[in-house]
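Visitor: I would like to go through this structure by asking about single residues and then about the chain.

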Amino acid sequence: RRVLKRGGKLLFLEHVLSETDGLLARQQELATPMQVAAADGCHLNRRTLKTVEEAGFASVDAAYTELSGFYFLNPTASGIATA
């Protein structure tokens, strides 16, 4: 079921599972159960950008970004998906 009207926009900014650092990704996987409990269901190990790209939007303008100094929250996916 669609949530957005045709032409509607989904703006997103999510911390995601590391795609470039295997050790960090493993740490994120291990820390996720604690994060879910401590941060109201927040998961460190999701691939949100891939999910959005595969969701059937008319267009997706997005990027995977790595920030310094954010540890488990480092990799970020952000963008705009248009229905």
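**Residues and chain**

Guide: T82 has a relative accessibility of 14%, so it counts as buried. The model in which this value was computed is predicted.

Visitor: Which side chain does the side chain of T82 join in a polar contact of 3.3 Å?

Guide: T82 is found in strand β3. Leaving aside residues up to four places away in sequence, T82 touches G7, G8, K9, F57, A58 and S59. The polar contact of 3.3 Å runs from the side chain of T82 to that of K9.

Visitor: Is N74 buried or exposed?

Guide: N74 lies in the loop between β2 (59-66) and β3. Residues under 20% relative accessible area count as buried. At 11% relative accessibility, N74 is therefore buried.

Visitor: Which backbone nitrogen does the side chain of N74 reach?

Guide: Not counting residues up to four places away in sequence, N74 touches L24, T65, E66, L67 and S68. The distance from the side chain of N74 to the backbone nitrogen in question is 2.5 Å, and that nitrogen belongs to L67.

Visitor: Is D40 buried or exposed?

Guide: D40 lies in the loop between α1 and α2. D40 is not a glycine, yet its phi is positive, at about 55°. The cut-off for exposed is over 50% relative accessible area. D40 has 77% relative accessibility, so D40 counts as exposed.

Visitor: Which side chain does R46 join in a polar contact?

Guide: R46 lies in the loop between α1 (22-38) and α2, and at 46% relative accessibility R46 counts as partly exposed. Beyond residues up to four places away in sequence, R46 touches V16 and L17. The polar contact of R46, at 3.2 Å, is with the side chain of H43.

Visitor: How far is the C-alpha atom of R46 from that of R26?

Guide: R46 and R26 are 20 residues apart along the chain. The separation of their C-alpha atoms is 12 Å.

Visitor: In what order do the elements of the protein chain run from the N terminus on?

Guide: The secondary structure comes to two helices and three strands. Of the contacts in the protein chain with a separation of 6 or more, 64% are between residues 24 or more positions apart. From the N terminus on, the order of the elements is β-α-α-β-β.

Visitor: What share of the accessible surface of the protein chain belongs to carbon and sulfur atoms?

Guide: The C-alpha trace spans about 40 × 25 × 20 Å along its principal axes. Of the 83 residues of the protein chain, 29% count as buried. The accessible surface comes to about 5,800 Å², and the share of carbon and sulfur atoms is 54%.

Methods. Residues are numbered from 1 along each chain as its sequence is written. This is a predicted model: local features need pLDDT of at least 70, side-chain atom pairs count only at pLDDT 80 or more; totals for chains, interfaces and linings use all residues. Side-chain values use heavy atoms; hydrogens and water are left out. Helices (H or I, at least four residues) and strands (E, at least two) are DSSP runs, numbered from the N terminus. Buried means under 20% relative accessible area, exposed over 50%, partly exposed in between (1.4 Å probe, protein chains only). Contact means heavy atoms within 4.5 Å. Accessible areas come from the Shrake-Rupley method with a 1.4 Å probe; for residues, only the protein chains shown count as cover. A polar contact is a pair of N or O atoms within 3.5 Å; within protein, one must be able to donate a hydrogen and the other to accept it, and residues adjacent in sequence count only if both atoms are side-chain atoms.
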